[in-house]
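Hi everyone, thanks for making the time this morning. I'd like to walk you through one model; have a look at it first, and then we'll go through it together.

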Amino acid sequence: MGLVLPYLFLIFVIGPSIAADEEHISIIAPGDIPEMTPEDIVKRHEDTLIPRLYARNSDQFGGSSYTREEERKLLSSHNEYRKSVNPSASNMDEMKWSVELAKLAQQWSEACVYEHPSRISNPEYNGLGQNLYIKYFDRGGDNPPNPVTQPVTLWYNEDKDYHYELGSCSAGRVCGHYTQVVWASTTEVGCGIAFCPEAITHSGQTFEDAWLVTCNYNPGGNFRGQKPYAAGTPCSQCPNGFCKDGLCSDCDPSEEGCECMIQCQNCGRKNNNKCTCECPDGYHGITCEKTCEDTHRYCGSNPGWPTFWCHNARFPFVDLYCPKMCGVCTPGPEMTNC
């Protein structure tokens, strides 16, 4: 189950809508539930050994009941998959672990709700993305079963149902978990895990004796009409220019492996110290790849998007679609010779 929870706009705001698969609950390989007597179930619920495995003090670790090493593996798994997308990504940011996101994720897993939070009842989730994973208790097996790498792997494996050129999933398939994992501008992730004697959904559906994994993402992805990343040479369109290990990074250029891979277009001049492109009039963008023109019919129209919505964190799409109106760039002639 994957979701992005956007900023809550006033109802008259005309803005890009958000893609979410609220109605689809993805049960990940639960297998056959072993036959058990009522006495067996009661005994299992009373046995504190299983819950204690992941009922550790989250403040002792990185905000969740995962150990530091498990958090490192979760983060590494996300970043490795982000480097592996096909076609390759030119603007894929490196993810970092967020203690605050992990605390929220741990709270959600411990609540044993196999459903995404409401943007109204849970305003702390506005602007965040979330993936959920549930796995039944494996009687006689390892518990929790592969709690670190398996959720991320299964989310990423939805790539087979995502068509980059079309920017959509195959008919009747779900791929929102995948697109959130590889959403280029997402820079933070934090996850939590809990054993749930009974996990519930808002519709009343229940899952008994299951492990619930929650991963939160900031900023969230899955905006309708947008692809998760820009295809191209890895790191050629990094927002802050620098690249490390195949991902856009805020690394210090003095660090080993920190490189400036940006490729300026349309006569833009490369600033090696800042690893940025200085664009001539008429162009803007990370690599000066965009012409200075408004691209949406709502720019400055009534009804539509007024100029005082420019440079406003509540309406980030206005600067994106209306760069000329918002003064993001300066109009100028088309560059033919540099």
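**A cysteine just after a helix**

Let's start at Cys112, the residue that follows α4, where phi is positive, near 60 degrees. Before I go further, a word on where this comes from: it is a predicted model, in which local features need pLDDT of at least 70 and side-chain atom pairs count only at pLDDT 80 or more, while totals for chains, interfaces and linings use all residues. Residues are numbered from 1 along each chain as its sequence is written, and side-chain values use heavy atoms, with hydrogens and water left out. When I say helix or strand, I mean DSSP runs numbered from the N terminus: H or I of at least four residues for helices, E of at least two for strands.

Now, what does Cys112 pair with? Its partner in a disulfide is Cys196, with an S to S distance of 2.2 Å. I call it a disulfide when two cysteine sulfur atoms lie within 2.5 Å. Cys112 sits in the loop between α4 (99–110) and β3 (129–136), and Cys196 in strand β6 (residues 188–200), so this pair ties together parts that are 84 residues apart in sequence. The torsion about the S-S bond is about -95 degrees, so the disulfide is left-handed. Are these two cysteines buried or exposed? Cys112 counts as buried at 9% relative accessibility, and Cys196 counts as buried at 0%. For the cut-offs, buried is under 20% relative accessible area, exposed is over 50%, and partly exposed is in between, with a 1.4 Å probe and protein chains only.

**Back along α4**

Let's step back into the helix itself. α4 has twelve residues and spans 16 Å from its first C-alpha to its last, close to the 16 Å expected at 1.5 Å a residue; that expected span is 1.5 Å times one less than the number of residues. Its buried residues are Leu101, Ala102, Leu104, Ala105, Gln106, Trp108 and Ser109. What do they pack against? The answer is β2 (96–97), β3, β6 and β7, where contact means heavy atoms within 4.5 Å.

**The cores**

Next, the nonpolar cores. By that I mean sets of buried Ala, Val, Leu, Ile, Met, Phe, Trp, Tyr and Cys residues joined through side-chain atoms within 4.5 Å. The largest one has 33 residues, and those with the most contacts inside it are Val85, Met92, Val182, Val189 and Tyr229. Two or more residues come from each of α3 (68–83), α5 (149–156), α6 (176–181), β6 and β7 (206–218). If you click on Val85 and ignore its neighbours within four places in sequence, you'll find it in contact with Met92, Tyr156, Tyr178, Val182 and Tyr229.

Cys279 is partly exposed at 29%, whereas Cys288 is buried at 0%.

Please look now at β8, β9 and β10. These three strands form an open, antiparallel sheet in the order β9-β8-β10. β9 (247–248) and β10 (259–260) are at the edges with a single partner strand each, so one side of each has no neighbour in the sheet. Strands pair here if DSSP finds at least two bridges between them, and β8 (residues 242–244) is joined to β9 by two. Lys244 stands opposite Leu247 in β9.

**Backbone details in the loops**

Last stop: the loop between β7 and β8. Pro219 lies there, and a cis peptide bond joins Asn218 to Pro219, with omega about -15 degrees. Cys235 is in that loop too, with a positive phi of about 70 degrees although it is not a glycine. Cys235 is buried, at 1%.

Thanks, everyone; over to you!
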